[in-house]
Amino acid sequence: MSDATSEVLLFQVGARVYATEVRHVRRIGNPSAAKADDRLVAGSALGDPFSPDRGIVVRCDDGTERTLVVDQVIGFRSVPRDHVRPLPPLAAHCLPSSAVVGFALLDDLPTLLVDLPTLLREQRPGSAAGPERKEPNDA
Amino acid sequence: MPEPQKREPGTPGAAGAEGAGPSEAWYFGLRLMGARYAFEAPLVTEVVRLGPLTRLPAAPNFLPGVFTHRGEVLAVLDLSQLMGLQPVPIRPSTRAAIVHSGPWKVAVIADAVEGLVALDRRQLEPPPAEGVGVAEFLSAVGRDGKGSLAVLDLPRLVEAARARSVNA
Amino acid sequence: MPDDTLSQKAKAGKARKGAAPRKNGALGGEVALITTALDEFAKGQYRGRIDVARIKDPGLKAIAAGINRSAAHAESRMGETTSRIQAVSQGVDEAIEAMVKLVVQGDLTGTLRLGVSDAALTPLISGVGQVMETLKRFVTEIREAALQLSTSAAEVLAAATQNESSTSQQASAIHETTATMEELKGASHQIAENAQMVASIAEQTLSATRQGEGSIKAFIDSMEKVRKNAVEVDDAISKLSRRVERIGTVVEVIDEIADRSDLLALNAALEGAKAGEAGRGFSIVAAEMRRLAENVLESTKEIKNLITEIREATHAAKEASDGNKRMAGEGEKLGGAAITSVNGILSGTQETSDAARVIHLATQQQRTATEQVVQSMAEIEEVTRQAQAGSRQATGAASELTNLAERLADLVKRFKVD
């Protein structure tokens, strides 16, 4: 991966399109084939998928693999660094989830950039619906 | 990462613009549900039309989304909803004032934009003691020929927003 | 005291004889005295006495004395009788008075006591006593009779009153029955008329039905055709459905393959992306594969849509056909039912015709019978009315009787017999 670009995977959950850096993505699978345990996440801070058609298998912080169920895997994009924007401080201050880390400007439209490991960490049973608040400038 | 403040031509400087006396200061007025609010004029870099909004997941209601302006992603703050009032209707004609203070840069939307207002510094009063609702993010209350004007403090606004988003 | 009249008369007599010789003159005068006295006695005068001193003749003296003695005897005897007669008269008067008093006062208990007593009155007294006894007996009997009469009169009145009310009830009951019978008469008249109408309608129905029979048969045939047609349609639809399903199955398989290809391509692209520059070529190929898979998925999506449309259309057709079948089936049933009822009507109409005639006759008979009943009821009513009148009369009579008995009792109450 060059410093000039980021490779992102575009996917859709519910009505919104999100982008995530490919380095956290293990593979793309069929969630119906996967076992329905806590490794299958079908609802997150991003919302609930309409239909469990695709699963993004994510390598989590603790080394485990968890699958985020999404409506659609749209494709891959190379995003130049200067097309990546941070999350505005106010948004970072007020959003309950820290999973949204910024925006990828695709065709000048900001697409939400999501850190999937963080997202899935927030979904861990025990951390229930209240993931930790992140201050701006936190990693 | 503070950005250099952008100044539109015609924006008055901090001291002594034409029409403002030595005891006067410039403010930028907004109208909300019939009441008048203002930011210190130097903090307001621009007044823009809202572009298409990207909504944020699980965001509080006073944060309708973000939009891109000049390549920058800005958060939109609905002042009305922050005060617990009705949402500002977002139309193509809706104007946002981009307000900048320290690390905070926010596109504030209101019912209407009044523009530059000169207030007598000597006539500024501290905000009312009951810190309920609006008072907690005012820095002062001023008066001019048209009536009273509540001066907003952006950091305090942000704090109020954060406090409210916990409960949202 | 010798009556001067006598002597005067004797003198007068003497005087008449005046010229007779005195020798026999004195004797003749003495006889004249006697004769005069006897004439008086013969007239019933016994008070005169002959002056015996005047008679010298010793025989005549004796006769004169004897006449004086008889006269005195007669005089006293007459006095006795007079007083006796007076007494008896008085006694009779008293008796009559007493009897009258008795009757007026009504006291028959006592016996007759007279103020005077005379042997001649004894039979009178006993006679009156007898009369009173008889009267007593008579009164007692009347009293008893009056009492009995009262009782019987009361019984009759009670019975008559009861009878009156029961006859009154009976009368009203009969009246009701009569009214009902009248209605029945009217109804049976109507029935008879209706029967007449029914008979004529039956005739009409008969001919119309015969006509109808033909058209119903035609209807049944057409229903049969529809049903057969529906069955054919059904078969065609079934065939179509089966084919569509088969296509569907194939499409499903293709879909799955395309999906898997897509996944494969995605993952290939993922690896390519992770590899960065090195994986660029790989990514391109993967992208191509994805596009292919997407194309396939697009087409299968189109086919799937088409299949869905066909399924829906088939379903609609099947429903319509089923509807037709059902309708035809029902139609056939209806037709069958119609035929049955037509046959029923045909025979029934015949029966109805006959029946109507029978009803007509029957109602005629019924009418007669009803009329007869009404007649009888009328008669009964009449009798009852009479009985009512009679019992009213009886009541009246009994009432009258009671009154009379009371009056009689009152009358005899005056008489004390105990």
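In chain A, what share of the contacts with a separation of 6 or more comes from residues 24 or more positions apart?

Author: This is a predicted model, in which local features need pLDDT of at least 70 and side-chain atom pairs count only at pLDDT 80 or more, while totals for chains, interfaces and linings use all residues. Residues are numbered from 1 along each chain as its sequence is written, and chains are lettered from A and ligands numbered from 1 in the order in which they are written.

The share in chain A is 61%; a contact means that two C-beta atoms, placed from the backbone, lie within 7 Å. Chain A has two helices and ten strands, taken as DSSP runs (H or I, at least four residues; E, at least two) numbered from the N terminus. Along the sequence their pattern is β-β-β-β-β-β-β-β-α-β-β-α. Of the 139 residues in chain A, 46% are buried, that is, with 20 or more other C-beta atoms within 10 Å of their own.

Chain A also meets chain C: twelve residues of chain A are in contact with nine of chain C. On the chain C side these are five nonpolar, two polar and two charged residues; Ala, Val, Leu, Ile, Met, Phe, Trp, Tyr, Cys and Pro count as nonpolar, Asp, Glu, Lys and Arg as charged, and the others, Gly among them, as polar.

In chain B, five strands form an open, mixed sheet in the order E3-E6-E7-E5-E4, where pairing takes at least two DSSP bridges. E4(B) runs antiparallel to E5 (residues 72–78) of chain B, joined by five bridges, and Phe67(B) stands opposite Leu74(B) in E5(B).

Methods. A residue is buried if 20 or more other C-beta atoms lie within 10 Å of its own, exposed if 12 or fewer, and partly exposed in between; C-beta atoms are placed from the backbone.
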